[in-house]
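Have the structure open while you read.

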Amino acid sequence: MSGTSVTRGSVAIVGAAESDLGAVAALMSPIDLMAQGIDRALHDAGLSLKNVDGLFCATTQARTSAMSLAEYLGLPNAYTDSTIVGGSSFEVHVAHAHAALEAGLCSVAAIAYGSTQRTIGRRAASTREFNPYENPSGRSCRPAPMRWRRAATCTSMARRGSRWRKSRWRRGTGR
Amino acid sequence: MPNAAESPLATYIAHLKRGELGYQFSPSANQVVFYPRLIAPKTSKRDLEWRVSKGLGTVHATTVVHPQQGDSYNVCLVDMDEGFRLMSRVEDIAPNRVKIGMRVKFRVHTPEGDEDPYPVFTPAEGA
């Protein structure tokens, strides 16, 4: 098989941290939590936001999370990637960050996740994507209309919480 | 590390319910921050303190939205005197009469029902 591939060991994780976890303060947003985690991971790595030029993130609650996160952090020129493929999105981000770092598209990549599903509930956090060919119940393949619940808006009060993880990559010298 | 006691949005809404337009300021970076955040953009400063705006600003950009149904309305960006910009609308004036450079004053709009309050503006002559 021809083609290029990244060099094993050419990059390294240099910091990792968690945001607030569990029942977080009311009206926290997933982007708040991502930013909080990135800030703590930067402290862990001995780096600062000034070093960050790559943002990789995903959350079901924000389709354009990398754009929102870049705005939040004040990094409008960052290389961004908000690939969503479900729970494995962040492993994909690691692979994408590896490739971006090797390609010189960024030098310090931050990978982030944030969710307030514990607060707003799964239905509000994740809209369903129906595959009409895989509908086991035999009901109409058209998705049922979403009831627009208050819980899906920013006015919902937190009774439960949220979680997120974050890790950071940096271009290394390889071994 | 214990969880943060209050989210930026919750504090912002609490200010609005008191009739105030809150914003943040980092003394160590001399940096004004809006929209409210847990850390400051660019500098990532954590020493964000809350301040209340005097409520006066200048229209930076303005447009009129013409929905299929309902009245046309104004959408604008306002540069507050304290040094931050936010999106809102100017009321008490025809939407297309809002002009760049117009001085405006903040007031709280509280929607019916349980929606959160938000800032709106009115023309402020000679302010």
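Predicted model: local features only at pLDDT ≥ 70, side-chain atom pairs only at ≥ 80, totals over all residues.

**Notes on the two chains**

1. A:S65 is found in helix α2 of chain A. Is A:S65 buried or exposed? It counts as buried, because its relative accessibility is 0%. Leaving out residues up to four places away in sequence, A:S65 touches A:I31, A:M34, A:C57, A:A58, A:T59 and A:S82.

2. Now the overall layout of chain A. The chain has five helices and five strands, and reading along the sequence you get β-α-β-α-β-α-β-α-α-β. Buried residues account for 42% of its 175 residues. Of the contacts in chain A with a separation of 6 or more, 77% are between residues 24 or more positions apart.

3. Chain B has its own pattern. It comes to one helix and eight strands, and from the N terminus on the order is α-β-β-β-β-β-β-β-β. The C-alpha trace spans about 50 × 35 × 25 Å along its principal axes. Of the 127 residues here, 40% are buried. For contacts in chain B between residues at least 6 apart in sequence, 48% join residues at least 24 apart.

4. On to the nonpolar cores. Which residues of the largest one touch the most other members? They are A:I38, A:V52, A:L55, A:L69 and A:L73, out of 26 residues in that core. The elements giving two or more residues to it are α1 (30-45), β2 (54-58), α2 (65-73) and β4 (108-113), all of chain A. The largest share, six residues, comes from α1(A). There is also a second, separate core of 17 residues, which includes B:Y12, B:L21, B:V90 and B:F106.

5. Then there's the interface. In all, 25 residues of chain A are in contact with 24 residues of chain B. The size of an interface is often given as the accessible area lost when the parts come together. Here the area buried between chain A and chain B is about 2,000 Å², and carbon and sulfur atoms give 54% of that.

6. What about polar links between the chains? The count is one salt bridge between chain A and chain B: the side chains of A:D39 and B:R46 meet at 2.5 Å, N to O. Across the same interface there are 12 residue pairs in polar contact, with both residues at pLDDT 80 or more. On the side of chain A that touches chain B, α1 and α2 of chain A each supply at least two residues. The largest share of that side, six residues, comes from α1(A).

Conventions. Residues numbered from 1 in each chain as written. Chains lettered and ligands numbered in written order. Heavy atoms only, no water. Core = buried A, V, L, I, M, F, W, Y, C linked by side-chain atoms within 4.5 Å. Buried < 20%, exposed > 50% of the residue type's maximum accessible area, 1.4 Å probe, protein only. Helix = DSSP H or I, 4+ residues; strand = E, 2+ residues; numbered from the N terminus. Contact = heavy atoms within 4.5 Å. Buried area = accessible area lost by both parts, 1.4 Å probe. Salt bridge = Lys/Arg side-chain N within 4 Å of Asp/Glu carboxyl O. Polar contact = N/O pair within 3.5 Å; in protein donor to acceptor, adjacent residues only side chain to side chain.
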